[in-house]
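Take a look at the structure below. The text then walks through it, piece by piece.

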Amino acid sequence: MKKSILLMLVLLLGLGSIHAQPMIWKETEAEKTQRLKWWTDARFGMFIHWGIYALPARHEWVKTQERMTTDQYQKYFDHFNPDLYNPREWARMAKKAGMKYAVLTSKHHDGFCLFDSQYTDYDAPNTPYGKDLVKEWVDAFRAEGLGVGFYYSLIDWHHPHFTIDQVHPQRPNSREEYAKLNEGRNMDVFRKYLKDQVREILTQYGKIDIIWLDYSYPGENGKGRDDWGSVELLKMVRDLQPDIIINDRLDLKDVPGGWDFTTPEQFKVESWPTIDGKKIPWETCQTFSGSWGYYRDEMTWKDGKQLLVLLIESVSKGGNLLLNVGPTGRGTFDNRAVEALEGMGDWMKYNSRSVYGCTQAPEGFEAPEHTLLTYNPETKRLYIHLLDYPLTNFRLPGYKGKVKYAQFLHDASELQISAPYGHHMQGSISTENDLNLRLPVRKPDVEIPVIELFLE
Ligand code: GLC
């Protein structure tokens, strides 16, 4: 009896180690927080989706949406010549908007590489433009003091060994046809290509702050960690760039060190995302309109206030915003993007203190109606963003005894803490636990005014 229990134990331990997760990166919670600190403090970055899909100008997925063959798609490569490309201008616009870092698509799903790759001819130097686009970009963004990151697509609709799957332009109409179509395609070859290219982008351009590997869709006719060789790939990434910050789309969510932050895309999270009850680092990526790549006729552009709310709301839930621009085939930001960035910059110029270094408000601070709260734990200041401007009396529920001083953030003008103002108001405003701020009747000339509270 005893013997058999022992045997079972040995077997279980053995099985356990077979299934044990590979450890990619060993680091304490505190070390990770420290490594990510510049990024969590920054809160606001620019995503840039740029490639030859800027020419069709109807979504970066156009090749697969219209089921184009590589031959049919070739005309965009042959005509790609962004003669107005000036990444210094881009960097200046990002900085003026208040962004602290940027992430550029070094390669997107169509397989086109903006960088000079020794492993393919399908790159910028072989287009009429004739040069590596990434080198200039990295130099320009660094010169403005911005963090630099690369998006790199795991998916590749150009590589002849990338097997045809459910999102591939040549996907068949029935399940039975996949095997036949994939005869002669060998993912081992592709996996090596992927690793070689990631090594290229992480060794040719100096220190890279962020890598965005995109994306996994495991399951039948999908792709996941084994297809990418995610574990090995990530080990190499951590090896080459130990300080780099990595997104979570490699299908390694359950592997220690397999990701740094989560990436809710094109929606607002209800609350700070958690795993096993623990709050995790997060960054939402969002477009100005519905597409990531330049889309001439896309009209669903968010307005200035919506964009600011996206940023403020992210910070109020402890997250970052990565806001996307899709430059044109000439190499410029179109006017709608320029205006949107300027609008954000106008607001950030006076109000960025409620964004940088800020996070979710501490327990016990309730957000007054129609507001979003952010908090700077170092300065102990609480920020109330007025999404809908109130009338004179502004009640801070349960704030009594917690506030030393109050002012508008944009002009540092005092907001008096005083008895509610009005006539015949008996009983309508309680002051037992609440504070009342006296606001000017006229909304200040700020898209979203911010109240800065100095806490006790
Ligand atoms: C998705 C899309 C892609 C875009 C990305 C941004 O994965 O496939 O086009 O680059 O999201 O997060």
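Tyr-375 stands opposite Leu-382 in S11. The two residues belong to a pair of strands, S10 (residues 371-376) and S11 (residues 381-386), which pair in the antiparallel sense over 6 bridges. Strands here are DSSP runs of E with at least two residues, helices are runs of H or I with at least four residues, and both are numbered from the N terminus. Two strands pair if DSSP finds at least two bridges between them. The hairpin of S10 and S11 has 4 residues between the strands, and Lys-380 there takes a positive phi near 55°.

This is a predicted model: local features need pLDDT of at least 70, side-chain atom pairs count only at pLDDT 80 or more, and totals for chains, interfaces and linings use all residues. Residues are numbered from 1 along each chain as its sequence is written, and side-chain values use heavy atoms, with hydrogens and water left out.

Stay with S10 for a moment. In a regular strand the side chains alternate between the two faces of the sheet. Which residues of S10 are buried on each side? Thr-371, Leu-373 and Tyr-375 are buried on one side, and Leu-372, Thr-374 and Asn-376 on the other. That makes 6 of 6 residues buried in S10. Buried means under 20% relative accessible area, exposed means over 50%, and partly exposed lies in between (1.4 Å probe, protein chains only).

Phi of Thr-392 is near 60°, a positive value in a residue other than glycine. Thr-392 counts as buried because its relative accessibility is 13%. Gln-266 also has a positive phi, of about 60°, and is not a glycine. Gln-266 lies in the loop between S5 and strand S6 (274-275). At 31% relative accessibility, Gln-266 is therefore partly exposed.

Now step back to the whole chain. The protein chain has 456 residues, and 54% of them count as buried. Its secondary structure comes to 12 helices and 15 strands. The C-alpha atoms fill a box of roughly 85 × 80 × 45 Å, taken along the principal axes.

Strand S1 (residues 44-48) and strand S9 (residues 320-325) pair in the parallel sense over 5 bridges. Met-46 has Leu-323 in S9 as its bridge partner.

Next comes the ligand. Which residues come nearest to the ligand? Of the 14 residues around it, they are His-49, Glu-60, His-108, His-109 and Asp-214. A residue is near a molecule if one of its heavy atoms lies within 4 Å of it. A polar side-chain atom of His-49 lies 2.5 Å from an oxygen atom of the ligand. For His-109, the corresponding distance to a ligand oxygen atom is 2.8 Å. For Tyr-151, it is 3.2 Å. The protein covers 94% of the 310 Å² of accessible area that the ligand has on its own.

Asp-214 has one more feature. The peptide bond from Asp-214 to Tyr-215 is cis, with omega near -15°. Tyr-215 is found in the loop between strand S4 (210-214) and helix H9 (225-228).

Notes. A polar contact is a pair of N or O atoms within 3.5 Å; within protein, one must be able to donate a hydrogen and the other to accept it, and residues adjacent in sequence count only if both atoms are side-chain atoms. Accessible areas come from the Shrake-Rupley method with a 1.4 Å probe; for residues, only the protein chains shown count as cover.
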